[in-house]
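Hi,

Here is the structure I promised to pass on. My notes follow below it.

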Amino acid sequence: MQHTRPITKLFLAGSLVVAPFTLAACGDDTAGPEEGVSAGDIQEDEGVDADAGLEADADTGLDAGAEAGLGYDGLYDSAFYEERNQYVGQEVTVSATVNEVFGPNSFSIAGTEETSVEPLLIVGADSANALEEGQVVQVTGTVQSGFTETGVEDELGIDLADDAFADFEDQQYIVADSVDTSVPTETE
């Protein structure tokens with residue numbers, strides 16, 4: 001047994017030498033609030049073409065996020081709207097303007113000024129009451145198809161405002177995991 005003690009001591013000493021470097025990698029968070037930029041600017045900085053809404057791979061023409069199974073990450077614009085069926089069941093991140101707030105768990109977003117896409121329903125967002133029409137948000141969640149008010153209420157265990165969702169029946173919608181309201185507006 002004495003033969004294993006030097007190995008144990010060597011392993012312990014090596015672990016203690018490596019530990020500070022491992023913890024240093026967890027140091028300062030360089031991500032912070034973006035000041036003086038719009039949702040489109042943020043998407044452009046992340047390598048997403050704001051006009052196309054997708055970062056296309058030169059060889060395949062596919063969205064880089066879709067190749068990795070991550071869905072869409074970009075503006076809620078015609079590029080997303082036209083391909084929305086392919087994102088059903090996938091997690092996506094869309095940046096857009098709040099179109100209408102229906103209640104504490106639901107709101108809709110509007111497309112960018114350059115597009116004429118229909119509003120998209122967002123449900124499950126506990127922060128919806130704190131939102132205002134015209135506010136820029138970044139929504140991350142799962143795209144679902146075939147919206148029905150009672151079906152969503154049963155599935156998510158939430159109470160939606162009655163009769164506010166006729167325009168969204170049987171349409172795609174997003175069940176939000178998070179709603180980032182720190183995205184600045186165009187005028188900031």
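How many helices and strands does the protein chain have? It has five helices and six strands; helices (H or I, at least four residues) and strands (E, at least two) are DSSP runs, numbered from the N terminus. From that end, the order is α-α-α-β-α-β-β-β-β-α-β.

Two cautions. This is a predicted model: local features need pLDDT of at least 70, side-chain atom pairs count only at pLDDT 80 or more, and totals for chains, interfaces and linings use all residues. Residues are numbered from 1 along each chain as its sequence is written, and side-chain values use heavy atoms, with hydrogens and water left out.

**Cores**

The chain has 188 residues, and 36% count as buried (under 20% relative accessible area, 1.4 Å probe, protein chains only). A nonpolar core is a set of buried Ala, Val, Leu, Ile, Met, Phe, Trp, Tyr and Cys residues joined through side-chain atoms within 4.5 Å. The largest has 22 residues; F80, F107, I109 and V139 touch the most other members. β2 (91-103) is among the elements giving two or more residues to this core. β2 gives the most, with four. A second, separate core of 11 residues includes F102, V152, I158 and F168.

**Q172**

Q172 sits in the loop between α5 (149-156) and β6 (173-180). Q172 is buried, at 13% relative accessible area. Its side chain makes polar contacts with the side chains of R84 (3.1 Å) and N85 (2.4 Å). A polar contact is a pair of N or O atoms within 3.5 Å; within protein, one must be able to donate a hydrogen and the other to accept it, and residues adjacent in sequence count only if both atoms are side-chain atoms.

Best wishes

Key
Buried means under 20% relative accessible area, exposed over 50%, partly exposed in between (1.4 Å probe, protein chains only).
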